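Hi everyone, thanks for making time. Let me put the structure up, and we can walk through a few places together.

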Amino acid sequence: MEGMQPIALSAPWFDEEEAARVGSALAGRVAGNGPFGQRVEARLQEMLGAPRVLLTTSCTHALELALLALGVGPGQEVICPSFTFVSTANAILRVGARPVFADIEESSLGLDPRDVERRLSPRTAALLPVHYAGVAPDMDALGTLARARGLRVVEDAAQGLAASWRGRALGTLGDGGCFSFHETKNVTCGEGGALALMDAELAQRAEIIREKGTNRSAFLRGEVDKYTWVSEGSSYVLSDVLAALLDAQLDKLAEIPVRRARVVARYREELAGWADRHGLRLPAELPDRRDNHHLFYLLYPDQPRRDRALQLLKSCGVMAAFHYVPLHSAPHARAVGLDREPLPVTDRVAGTLVRLPLHPLLSDLDVQRVVDAVRRTLP
Ligand SMILES: Cc1ncc(COP(=O)(O)O)c(C=O)c1O
């Protein structure tokens, strides 16, 4: 391994197309809601089958924007997983509501509807499921719970672009779907996000909040002759420079999953027998869900073996990683009193999970190096 380049966990796939598209944006308008932004929003609407998509500065901001537009705020609770990135809970806190953590299902590593039901209260205003690794939890069961109690559903589809649940695109199954275009995601512009909205009135509220509380979007469409301050708002619009980069990335949308799927197929083929023999689990293959090969992970039999595996992989130049420090056990949860309930599946998964390198630039040789190193973690 001496002298060999480390194998990155994730990497964006950029070429001259992205550079050319950014060049065109630089030659024109660079603020938000410009020609590239509008073009990318239309492409995403078409692809997702969503009536309105708003590009945002990040998925974190898309989550905040969705909750603000839905009027979720102080005195209300939002149920979300603890097995997620910090943004899910931060967005709830930022609008003044309280996150309530529920446990996850073994199969999808997403919200467990039975545990969600146990945590409902008269203050519950919304459910916020996360599509971990581009795999939806049981959205029918969560939808039934939400409808029966008049709750809103906001999907954290940060990892879910181009994946589906029973034939429907992730991010279009609730009131609002939030996507990330962060550097680590399948499609990226460095930092960026999008909010898909299924309801026209909600979309109108969201586009006003996104544009500093003004009706600038209506003005740009020629619906009003000047724009003005019409409500409280913030600034969540993506620059057209980044929208141009996204436009070039969307051209690669057919090829990106093919390349990623090839790596995943090799991992499964090479590691399934070994995993069986050593009591590890690979991601479940769920027939009613089409994922986007965003992540590939192994669940080790216990935490000490997982921790040793991470160290060994690092020493072999394989940049594997864990996911996540569960939010209910993080310092900020303790500081704001969110750490009361034990979440057994969350704790076990977070203590045993290893993500393997997965991106479109991995060569066959890289994949073989990863496989060989992984096998050495439990010989
Ligand atoms: C599940 C989840 N939610 C939210 C985010 C936040 O996305 P962004 O970095 O675009 O704000 C991420 C990004 O890593 C994520 O994985």
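Here is a question to start us off: is Ser82 buried or exposed? Keep in mind that this is a predicted model. Ser82 counts as buried, because its relative accessibility is 0%, and buried means under 20%. To find Ser82, look in the loop that runs between β2 (77–81) and α4 (86–94).

So who are the neighbours of this serine? Leaving aside residues up to four places away in sequence, Ser82 touches Phe101, Ala102, Pro326, Leu327, His328, Leu343 and Thr346. Two of these names come back when we turn to polar contacts. The Ser82 side chain reaches the backbone nitrogen of Leu327 at 2.9 Å, and a polar contact of 2.7 Å joins the side chains of Ser82 and His328.

Next stop, the ligand. There are 14 residues around the ligand, and Cys59, Thr60, Asp156, Ser180 and Lys185 come nearest. In the side chain of Thr60, an N or O atom is 2.4 Å from an oxygen atom of the ligand.

Now over to helix α7, residues 200–210. Its buried residues are Leu202, Ala203, Ala206, Glu207, Ile208, Ile209 and Arg210. Among the elements covering these buried residues are α2 (35–48), β1 (52–56), α3 (59–70), β9 (193–197) and α8 (216–220). Have a look at both ends of the helix, too. Asp199 caps the N-terminal end of α7, with a side-chain oxygen 3.2 Å from the backbone nitrogen of Glu201. After α7 comes Lys212, which has a positive phi near 60°.

Three strands form an open sheet in the order β7-β6-β10, with antiparallel pairing. β7 (168–169) and β10 (289–290) are the edge strands, each pairing on one side only. Strand β6, residues 164–165, pairs with β10 over two bridges in the antiparallel sense. If you zoom in there, you will see Ser164 standing opposite Arg290 of β10.

Definitions and conventions: Residues are numbered from 1 along each chain as its sequence is written. This is a predicted model: local features need pLDDT of at least 70, side-chain atom pairs count only at pLDDT 80 or more; totals for chains, interfaces and linings use all residues. Side-chain values use heavy atoms; hydrogens and water are left out. Helices (H or I, at least four residues) and strands (E, at least two) are DSSP runs, numbered from the N terminus. Buried means under 20% relative accessible area, exposed over 50%, partly exposed in between (1.4 Å probe, protein chains only). A polar contact is a pair of N or O atoms within 3.5 Å; within protein, one must be able to donate a hydrogen and the other to accept it, and residues adjacent in sequence count only if both atoms are side-chain atoms. Contact means heavy atoms within 4.5 Å. Two strands pair if DSSP finds at least two bridges between them. A residue is near a molecule or strand if one of its heavy atoms lies within 4 Å of it.
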